[in-house]
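Biologist: I should like to learn how to read a model of this kind, feature by feature. Please give the general idea in each case and then turn to the structure itself.

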Amino acid sequence: MAIIDVKVPQLSESVSEATLLQWKKKSGEAVQADEVVIEIETDKVVLEVPAPATGVIKEILRQAGDTVTADEVIATIDTEAQPAVPVIKEKPAEVKPVQAKLDAAPRNARPPAALPAATKLIDEKGIDAAQLQGSGRGGRITKGDVRAAEKEDAAAPAAQRSALAAVKAPLEIEQWRSDRPEQRVPMSRLRARVAERLLESQRANAILTTFNEVNMQSVIDLRSKYKEKFEKEHGARLGFMSFFVKAAVYALKKYPIVNASLDGNDIIYHGYFDIGIAVGSSRGLVVPILRNADQLGVAEIEQKIAEFGQKAKDGKLTLEDLSGGTFSISNGGVFGSMLSTPIINPPQSAILGVHATKERAVVENGQIVIRPMNYLALSYDHRLIDGREAVLSLVAIKEALEDPARLLLDV
């Protein structure tokens, strides 16, 4: 017998504990090397734990919801064992009671005569296992049987599915209204950490917010002119965030104190520009870092932001993606926000809030005209940054966006 330990992976220096999520395997089940057996949630990211070897799960030592630390053994794998093969019994002469039991079985119940690959696919696709007919030896359900059932479900008339949904939905809504249910769900480790950091920021920093408005017409015209060529050339969509990143770096170079941070009684001036981009995910707010943003071209910025967005959606952001940062940008405009006062992301000293661009009536040269306007908000730690530097840095961002040539000429 060769026993291999499944251990918690290394965590970052700032992360001491993690929480186990749902196990994807049970004791006695076969597992392939590098197959994900469980996910672990830290206060920053969700990490996948792969099986270190092929074999059978011998024992699960820690359960879902348990708090664990780096290198802790959470399960063992027997590399020489074979998974238990379920015994196939002949059908009794009387089939009605058996059929009744099948009809009463819960959806997604694992059939006793399914091959491991088929069992995994049944769980992934949410197929009613009780309705499957096995074509393998001894009537065992194969992966092909599951695929065939999936195709049959997809071929069901859309109108029939819509009708069933229409019947079910009002009943669920009515039940919700009449039963007045409540559900208590514990915070995820990430959500709890976000809440903790926000309270810490409010408590530890002297936060003040200054506002300005920017005419986005020049950026809109530039983007409209080149967006198709840009996408063909670089394989990335030309959005607005790259312009905000470039404008922020332009301002931070002019006013380095806004890119600095406090450490006790010391001011740390950062000679680099690592810009955090706030991204919403299903597990909470995360802020991946664009490192050395001053050295990145517009295409590189757009590609990196798109990569961050997809990784956040898939829960694939790494600890490295989220560590550090000297300044952050939060774009509430993608959700329609008109104005907000963003909270500083410690240990940073400032954050830029970007909002929805809307056509508004403004006065130019004594005339009322319609312009695409965006309200910018800069929250800053007043212990470190004086109002003068905060206001002037936001003006610099405004000027760069209203005249993008400044970003090329550095004037």
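Modeller: Let us begin with the surface. Accessible areas come from the Shrake-Rupley method with a 1.4 Å probe, and for residues only the protein chains shown count as cover. Here the chain has an accessible surface of about 24000 Å², and carbon and sulfur atoms account for 52% of that area. This is a predicted model, in which local features need pLDDT of at least 70 and side-chain atom pairs count only at pLDDT 80 or more, while totals for chains, interfaces and linings use all residues. Residues are numbered from 1 along each chain as its sequence is written, and side-chain values use heavy atoms, with hydrogens and water left out.

Biologist: How many helices and strands does the chain have, and what percentage of the residues is buried?

Modeller: Helices (H or I, at least four residues) and strands (E, at least two) are DSSP runs, numbered from the N terminus. The chain contains eleven helices and 19 strands. A residue is buried under 20% relative accessible area, exposed over 50%, and partly exposed in between (1.4 Å probe, protein chains only). Of the 411 residues in the chain, 37% are buried.

Biologist: What span should helix 8 have, and what does the model show?

Modeller: The expected span of a helix is 1.5 Å times one less than its number of residues. For the 17 residues of helix 8 (residues 298-314) this gives 24 Å, which agrees with the 24 Å between its end C-alpha atoms. Buried residues of helix 8 include Ile-301, Glu-302, Ile-305 and Phe-308. Just after helix 8, Gly-315 adopts a positive phi of about 70°.

Biologist: How many salt bridges does the structure hold, and which residue pairs with Lys-304?

Modeller: Side chains of opposite charge can pair when their charged atoms come close. A salt bridge requires a side-chain nitrogen of Lys or Arg within 4 Å of a carboxyl oxygen of Asp or Glu. The structure holds 15 salt bridges. In one of them Lys-304 pairs with Glu-307, with the closest N and O atoms 3.8 Å apart. Both residues belong to helix 8, three residues apart, about one turn of the helix. Lys-304 is partly exposed at 31% relative accessibility, and Glu-307 is partly exposed at 34%. Salt bridges with shared partners join Lys-304, Glu-307, Lys-311 and Asp-321 into one network.

Biologist: Which parts of the chain does the salt bridge between Asp-274 and Arg-291 tie together?

Modeller: The closest N and O atoms of Asp-274 and Arg-291 are 3.7 Å apart. Asp-274 lies in the loop between strand 11 (266-268) and strand 12 (275-277), and Arg-291 in the loop between strand 15 (289-290) and helix 8, so the pair ties together parts 17 residues apart in sequence. Asp-274 is buried at 9% relative accessibility, whereas Arg-291 is partly exposed at 29%.

Biologist: Arg-223 is buried yet has no salt bridge; what does its side chain reach?

Modeller: Arg-223 is found in helix 6 (residues 217-234), and its relative accessibility is 12%. Lys and Arg count as positive and Asp and Glu as negative, with His and the chain ends not counted. The nearest side chain of opposite charge to Arg-223 is Glu-302, 6.8 Å away. The side chain of Arg-223 instead reaches the backbone oxygen of Leu-238 at 2.6 Å. Arg-223 and Leu-238 are 15 residues apart in sequence, and their C-alpha atoms are 6.9 Å apart in space.

Technical notes. Polar contact = N/O pair within 3.5 Å; in protein donor to acceptor, adjacent residues only side chain to side chain.
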